[in-house]
Amino acid sequence: MSRGKKRWLGISVLAVVLLLLLLRSRGEECEDKEVATPRATVTATVTATPSPIGSQIGEPVDAVLTRVKQTGLSVGVHDASEQDETPGGDWRVCFEKVTLSKVEFAAVAPGAPCPTKDGKPIPWPKMPNVVGSTYRKAVEMLGVGAGPVFLETAYQDEYGFDRDNQFGDYAGWKVCFQSVNAGRTLKDRPEITLHAVKEGEACPPAKGLYKDPTNNPEHVDPVPDSDVGSSDGDRTGTGGSSSEEDDYSPGEKGGCPPGGCYNPCPPGGCR
């Protein structure tokens, strides 16, 4: 190796050593600065966000209140109609309004339909006229607006009974009378009774009659005319103690009875 190359190699090695010493010195200086400067401590406060409860429309108030309180939300319930009554636990939810902190429900009493809007009157259905229709059609027409729908016979001496059944043995029976007049408001889903007759039978003029009048326990058979005549004859024939024939009858032993015999002729004889 020539003298020039040795000198260049020595300078290179020296440069590398100086560079390493410089880097080490700056690293120690940075560590000292990091130790001298206190680090800031950041404390994060996490606020719990209420979890969504989903739609509760159609659910009973008791179950809804329990469900919502478990989420940490505050909750309120009011009457969905214009009546402003205090809702009970068995009322049903019609409307709901959910915010980040509260849920407000509007509910109606059991069996009542929801109003078209919160605070509006309840749209109770009207009783339709089902006379003349079949039992199947009547149940369909009444729908959910009515309470239980019972079928009974229009005649007292026929048997038939059913409830809320469109497809049973009585489905084709014809309705003759309805317990609730047509046009009446079906408030609180009243019970309705339909009096009907079998298919092909005519309705009676009034309910409660007997198809066969003799089946009526109070029925009395009419007295035949022949019996009436014989009874009159008995009354006139047996009570003849005052008749003229009795006046002429002698006693059992002959002769006249005590007091003499009746003489139909006046003194001087009969003409």
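This is a predicted model: local features need pLDDT of at least 70, side-chain atom pairs count only at pLDDT 80 or more; totals for chains, interfaces and linings use all residues.
Local features need pLDDT of at least 70, side-chain atom pairs count only at pLDDT 80 or more, and totals for chains, interfaces and linings use all residues. Residues are numbered from 1 along each chain as its sequence is written, and side-chain values use heavy atoms, without hydrogens and water.

Helices (H or I, at least four residues) and strands (E, at least two) are DSSP runs, numbered from the N terminus.

| Element | Residues |
|---|---|
| Helix 2 | residues 61-69 |
| Strand 1 | residues 74-79 |
| Strand 2 | residues 92-98 |
| Strand 3 | residues 102-108 |

Strands 2 and 3 pair in the antiparallel sense, over six bridges. Pairing requires at least two DSSP bridges between two strands. Glutamate 96 faces phenylalanine 105 of strand 3. A hairpin of three residues links strand 2 to strand 3.

Threonine 99 sits in the loop between these strands. Its relative accessible area is 41%, so threonine 99 is partly exposed (buried is under 20%, exposed over 50%, partly exposed in between, with a 1.4 Å probe and protein chains only). Its C-alpha atom is 9.0 Å from that of leucine 73, 26 residues away along the chain.

In helix 2, the buried residues are Val61, Val64 and Val68. They span an arc of only 60° around the axis, so they lie on the same side of helix 2. That arc is taken from the directions from the helix axis to the C-beta atoms. An α-helix has 3.6 residues a turn, so residues three or four places apart point the same way. Strand 1, strand 2 and strand 3 are among what covers these buried residues.

Notes:
Contact means heavy atoms within 4.5 Å.
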